[in-house]
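Dear colleague,

Please find below the structure that I am handing over to you.

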Amino acid sequence: MLQRSLIRRFSSKVEPRAFEEIPGPKALPLIGTLYKYLPLIGEYDMKKLHKNGAAKYAEYGPLVREEIVLGEPIVWVFRPEDIAEVFKADTGRYPERRSHRALFKYRLDRRWIYNSGGLLPTNGPDWWRLRKEFQKALSRPRNVVNYAEDTDEIVRRFVSVCEDGRFDDALPLLSRLFLELTCLVAFDLKIDAFSEREMLRDSMSSRLVDAAFTTNSVILRLDNGPRLWRFFDTPKYRKLCRAQAYMEEVAVKMVSEKLEKLKDEAPNEKQSLLEIYLQNPELDFKDVVGMACDMLLAGIDTTTYSSAFALYHLSRNPETLDKLHAEASRLIPDDSCVVTAETLKSAIYTKAVIKETFRLNPISVGVGRILQTDVVLNGYHVRKGTNVVTQNQISCRLPEYFEKPDSFMPERWLRETGKNEKPPIHPYLVLPFGHGPRSCIARRLAEQNMQILLLRMCRQLRFDWAGGELDVDSFLINKPNAPIKLNFSARCD
């Protein structure tokens with residue numbers, strides 16, 4: 001007892017070290033650490049944030065300070081205990097992050113289309129007003145479950161397209177699937193993205209997929225470069241503007257048409273999310289258009305890439321694929337069975353496969369926050385207002401947190417076998433949808449879509465991997481760095 005008391009007394013006197021003492025790459029006058037990211041000569045690569053993070057962790061430790069843009073320090077956080085402290089600092093009503101700043105400017109320059117920057121880049125009361133109203137409908141399980149049968153129908157169509165196919169790259173087809181599912185929610189519309197017409201390069205489907213990818217691919221560089229776009233239209237900012245202009249053109253048209261239909265339609269007990277939003281007196285037409293654009297931007301690529309990695313891992317791990325097939329066969333006894341909410345409740349192994357995919361290949365390198373209070377991270381004092389970015393993608397591959405960290409083992413997430421994981425999995429290690437009030441607003445829909453896709457595919461198809469080892473490229477979100485080479489065949493069992 002005396003020894004413990006002395007330890008506590010000694011520990012209480014240890015003062016946290018100063019913010020300026022946090023180790024990290026040296027910033028140069030005017031250019032910060034941007035020189036380290038220059039092609040050919042820099043040691044870091046803006047397209048490989050996870051490798052940059054791993055290198056910084058190895059050189060500087062679990063807390064790293066950097067100024068990519070001079071005068072705007074970023075603190076990279078690796079320890080799950082420190083990640084937990086970051087989210088505990090979200091003490092106010094309006095958790096803040098610094099992201100999508102060029103998109104924010106674009107939308108505020110077009111006030112005749114948008115009321116605000118939308119959910120992705122906006123902070124403060126404007127963000128909370130939108131979040132509060134939009135999450136009311138998305139947080140109700142019934143509203144999400146209402147889409148299960150329509151989703152199953154669309155996924156069946158996708159599976160029929162894949163059947164007996166050999167794909168040099170299945171990613172474009174997956175993009176069309178999740179565009180179709182996103183439009184179902186954003187516009188209350190089935191666009192038939194797999195039709196011959198929509199497969200053409202200049203079709204609405206093709207252009208929307210391109211617009212989402214273009215926006216996501218330039219935002220990271222616009223946010224972390226010299227930001228000259230604030231003063232004049234740089235080439236990358238013009239690419240963003242063109243992509244967003246098409247996306248908003250479609251959104252305005254589709255939402256307008258739905259609004260006109262509502263005037264003539266009788267009230268429907270099974271309301272779509274779009275109908276709920278358009279009839280909400282706290283939201284107006286411009287709010288709904290902004291939300292539709294956010295759904296297109298955040299809903300297509302994220303679920304496309306996550307599903308691609310799930311198929312990659314399953315195809316390289318035949319035993320895991322067989323286990324998932326067994327679960328799918330039990331839950332969907334024959335092809336005439338419809339996937340329902342009850343089906344998904346019992347899809348335990350499917351959920352473990354998705355969780356393990358998110359561990360190995362999360363949607364992004366981590367989660368950003370602007371600290372609302374001073375915090376102590378890894379023994380250092382980090383000031384209020386600091387931009388902090390968690391490094392979950394790197395931490396999830398460290399042996400101190402996971403046994404066989406590079407192995408695809410969904411069993412680690414199952415109650416009966418996961419308890420054997422040493423050490424126990426820290427709850428702040430795997431955060432694919434973020435955390436707290438600023439977590440992904442459409443998480444339930446995204447997980448439901450992926451669950452239905454994996455159940456249907458593993459029930460009806462065999463597939464094997466025909467490519468090399470996959471890594472990721474950082475385009476704000478993590479994209480597979482090579483084609484998704486898959487061979488599919490129909491199961492006879």
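H8 and H18 are oblique to each other, a word used for angles that are not under 35 degrees (roughly parallel), over 145 (roughly antiparallel) or 65 to 115 (roughly perpendicular). Helices (H or I, at least four residues) and strands (E, at least two) are DSSP runs, numbered from the N terminus.

Before the details, a note on the basis of the account. The model is predicted, so local features need pLDDT of at least 70 and side-chain atom pairs count only at pLDDT 80 or more, while totals for chains, interfaces and linings use all residues. Residues are numbered from 1 along each chain as its sequence is written, and side-chain values use heavy atoms, with hydrogens and water left out.

Two packed helices are described by the angle between their axes and the distance between the axes. Here, H8 packs with helix H18 (residues 443–460) at an angle of about 135°, and the two axes are 12 Å apart. Axes are lines fitted to C-alpha atoms, for helices over the stretch in contact, and angles run from 0 to 180 degrees between N-to-C directions. The crossing of H8 and H18 is right-handed; a crossing is right-handed if the near helix is turned clockwise from the far one by less than a right angle, and left-handed if anticlockwise. On the H8 side, the contact (heavy atoms within 4.5 Å) is made by Leu-174, Leu-177, Phe-178, Leu-181 and Val-185, and on the H18 side by Leu-445, Asn-449 and Leu-453. Seven of the residues in the contact of H8 with H18 are nonpolar, one is polar and none is charged. In this division Ala, Val, Leu, Ile, Met, Phe, Trp, Tyr, Cys and Pro count as nonpolar, Asp, Glu, Lys and Arg as charged, and the others, Gly among them, as polar.

H8 (residues 171–186) also meets helix H12 (residues 285–316): their axes come within 8 Å and cross at roughly 140°. H8 and H12 are therefore oblique to each other, and H8 passes H12 in a right-handed crossing. Among the residues that meet here are Leu-174, Ser-175 and Phe-178 of H8, and Ile-300, Thr-304 and Leu-311 of H12. The residues of the contact of H8 with H12 comprise 14 nonpolar, six polar and no charged.

**Two residues of H8**

Leu-174 lies in helix H8. With a relative accessibility of 1%, Leu-174 counts as buried; buried means under 20% relative accessible area, exposed over 50%, and partly exposed in between (1.4 Å probe, protein chains only). Apart from its neighbours within four places in sequence, Leu-174 is in contact with Phe-158, Thr-304, Ser-307, Ala-308, Leu-311 and Leu-453.

Ser-175 is also found in helix H8 and counts as buried, at 6% relative accessibility. Neighbours within four places in sequence aside, Ser-175 is in contact with Val-209, Ile-300 and Thr-304.

**Salt bridges**

The structure holds 37 salt bridges, each a side-chain nitrogen of Lys or Arg within 4 Å of a carboxyl oxygen of Asp or Glu.

- Asp-471 and Lys-48 meet through their side chains in a salt bridge (3.5 Å, N to O). This pair links distant parts of the chain, 423 residues apart: Asp-471 is in the loop between strand S8 (461–465) and strand S9 (472–475), and Lys-48 is in the loop between helix H1 (2–12) and helix H2 (49–60). Lys-48 counts as buried, at 14% relative accessibility.
- Glu-133 and Lys-136 form a salt bridge (3.1 Å, N to O). They are separated by about one helical turn, because they are three residues apart in helix H5 (residues 124–138). Glu-133 is buried, at 5% relative accessibility, whereas Lys-136 is partly exposed, at 40%.
- Glu-21 and Arg-17 form a salt bridge (3.2 Å, N to O). Glu-21 is partly exposed at 40% relative accessibility, and Arg-17 is partly exposed at 44%.

A network of salt bridges links Lys-47, Lys-48, Lys-51, Asp-471 and Asp-473.

**Positive phi values**

Most residues other than glycine have a negative phi. Asp-192, however, has a positive phi near 55°. Asp-192 is found in the loop between H8 and helix H9 (204–224) and is partly exposed, at 37% relative accessibility. Leu-476, likewise not a glycine, has a positive phi of about 70° and lies in the loop between S9 and strand S10 (477–480).

With kind regards
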